[in-house]
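Dear colleague,

Please find below the structure that I am handing over to you. I would be grateful if you could look it over before reading the notes that come after it.

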Amino acid sequence: MSATITDVLIIGGGMAAAWAAIAAAEAGASVLMVDKGAMGTSGVTATGGPGHWWVPPDPASRREAIARQTTKAAGLGDPEWMERILDLTWRHLPTIAPWYPFGSDGQGGRFINGVRGPEYMRALRAFAVARGVEIRDHHPALELIADPDGRVIGARGLSLRDEHPWEVRAGAVVLATGGAAFRSGLIGSHACTGDGHLMAVEAGGRLSGMEFSIAYSLSPEWASTRTLPYTGARFYDVQGHELDIAPPRTGHIHLQTLGAAMLAGPVFADLVDAPRDLPAVLRRIQPLTAAAFERRGINLFRDRFPVRLFGEGTLRGTGGIDLVDGDCRTGVPGLFAAGDAATREPVAGAASGGGAVNSAWALSSGRIAGAAAAGEATRARHDAPARALGQAGLRPGGAVRDIDGVGLIRRAGAAIHDYDKAFWRREETLAASAAELDADWRAIADHGHASGRAAVELRSTAAVVATARWVVASARARRETRGLHYRDDARQTDPAQAHRLISGGLDDVWVRPLADAKEEIAA
Amino acid sequence: MIAHLIAERCTNCAACVAACPALVFDPGAAQPVIARADACETCYLCELACSEDALYVAPETDSHAAAPVAELIAAGLVGQIRRDSGWNDPFDAGQLDAYRLLGPLLGAGVEIATRRHEARHAGD
């Protein structure tokens, strides 16, 4: 297998990956993107419609926005990071104009901060190509490679089309693999299995904030869609009795009341109260959402329809790969992280990073990581001996056996997203999940091996199980309620726990408060 | 999930083969082949990529069942997403002029739910 050589390797194909690639190329680096799906259609942005945190650059407005967001972040945000992403987003989002048909703002100008997913990702692909980025679709990375000093010097993976292995040697690598949705069925999230989280930890990196992962979106039971039509919905049980559901603004209580109703039986949404202007414009705003009903022969504003909650895991949560500096370094030499793959606690804290702040983060952390990776790439030695870092699913510790991947993913998904477990987190249920997930991890680590496309799915399975273990361990360690993390057996916020929780480990999962982790690095 | 590839419309441009994130299509001699139908994620994005409106995705994530092509075409459902999106329109066609209403309409729904809940619990 001959290796391709590049300055910067971007792993991923969503919006953070795209912005990282563009920024690295603008900094003069040669850039190669490898994506598990197809860059432009893969990931949750492609079917979504990201609004960006958008505040004009006058000091008073910015100060006020940052103060509000710092309060929302429940003690874990970083105002300096917030300032940076406001600035980068304001300056760079308009630069997609040659490839994106910005609509009207209704006042004679362009509406910039909200962009529709398919058009946005089409534009970012064209933008990246125009900057000289080389894109390899359907090229999932399976593992990172490092030199003898532990510096990440590239990756290996598989071309799905012809099932040929590939190797890329790079001066720096950016993980922009997205969050982990545990195969919940959330639209666009099928490939979001935590691959980057697993690769980062195998390389010696660590995670942060994995407990902030209780996030869901409501959709018809037959398919996950965007949620625009449903925010004013009334809810009914199967007998047609109206349910007393706390409104969306109540956050976790909204989820708890909906979850309790859904555990008791089917729940139906009725959109009779939807904003009066919505029916006429829905298809012009979210064509995919309109199609999900129209193609079933359902008039969603007239007919009641069954609904459920689709888990969004760490996508709309805030946890991910820990960043050790303002350049999005992971602490592993040569390895950077951006977007939903990285922790968004600096800008979202304990609250949901979903929506505007997350999108601004994806753009900004992508640009920051891409530019920093380009700066570091010149130090590369492409002739260094390479050590492959992948473990579970690639290099089993014992005899190879068949692994029930579908079953393992279903169990991990249930541990994270089952309503009873997620909306009322308690030590007993978390401990039971941890034991089950540990056994599943052992099965993959000791016996998992596959070839061709099956190897990609097995590695995805390993990543799902690994990521679920870091979530469950972090949720156990935070014995309080804060932001997105709700403990039914510790419903108060504890001022003594206003610190981040770092996690990691493969065979032995560990969780520590950030203060301790800092001391360890110093030591 | 992917339900129809309409042979008489397909020009074998293979845009769907390249665009599908789940590698559902393989290239074929006369037209692409739906090689891994069960991998389809129901994202509809292959329909946007298909300028001939030769693809139809059924709305359920666990079923390929759909009405016959002629019926779907007569009902105006084939190519509907591409037309609604204005996907291939010139950039000054105003295809995203309603998009600014997304945030306000989301917020209006949240307000409606909040007021209704308050009214319901006014006597509590």
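Predicted model: local features only at pLDDT ≥ 70, side-chain atom pairs only at ≥ 80, totals over all residues.

Chain A contains 16 helices and 18 strands. Its C-alpha trace spans about 70 × 55 × 50 Å along the principal axes. Buried residues come to 58% of the 523 in chain A. Of the contacts in chain A with a separation of 6 or more, 76% join residues 24 or more positions apart.

Chain B has five helices and four strands, and their order from the N terminus is β-α-β-β-α-β-α-α-α. The radius of gyration of chain B is 20 Å, whereas a compact globule of 124 residues would have one near 14 Å. Along the principal axes, the C-alpha trace of chain B spans about 70 × 40 × 30 Å. In chain B, 41% of the 124 residues are buried. Residues 24 or more positions apart provide 54% of the contacts in chain B with a separation of 6 or more.

**The contact between the chains**

Chain A brings 52 residues to the contact and chain B brings 42. On the side of chain B that touches chain A, the elements giving two or more residues are α1 (15-19), α2 (45-49), α4 (80-85) and α5 of chain B. The largest share of that side, 12 residues, is supplied by α5(B). Sorted by class, the side of chain B that touches chain A holds 26 nonpolar, 10 polar and six charged residues.

**Helix α5 of chain B**

Helix α5 of chain B covers residues 102-120, 19 residues in total. From first C-alpha to last it reaches 27 Å, close to the 27 Å expected at 1.5 Å a residue.

Which residues of α5(B) are buried? They are B:L105, B:L106, B:G109 and B:A113. Viewed down the axis of α5(B), the buried residues fall within an arc of 110°, so they line one face of the helix. As a general point, an α-helix has 3.6 residues a turn, so residues three or four places apart point the same way. What covers the buried residues of α5(B) includes α7 (278-285) of chain A. The face of α5(B) turned away from the buried side carries the exposed residues B:P104, B:G107, B:E118 and B:A119.

**Two backbone positions**

Most residues other than glycine have a negative phi. Two residues with a positive value are described here.

A:H138 has a phi near 55°, a positive value in a residue other than glycine. A:H138 is placed in the loop between β5 (134-136) and β6 (141-146) of chain A. Is A:H138 buried or exposed? A:H138 counts as buried because it has 24 C-beta neighbours inside 10 Å, and the cut-off for a buried residue is 20 or more.

B:N12, which is not a glycine either, has a positive phi of about 55°. B:N12 lies in the loop between β1 (2-5) and α1 of chain B. With 15 C-beta neighbours inside 10 Å, B:N12 counts as partly exposed.

With kind regards

How values were computed: Residues numbered from 1 in each chain as written. Chains lettered and ligands numbered in written order. Expected span 1.5 Å × (residues − 1). Buried ≥ 20, exposed ≤ 12 C-beta atoms within 10 Å, placed from the backbone. Arc of directions from axis to C-beta. Contact = placed C-beta atoms within 7 Å. Rg over C-alpha atoms; globule rule 2.2 N^0.38 Å. Nonpolar A, V, L, I, M, F, W, Y, C, P; charged D, E, K, R; others polar.
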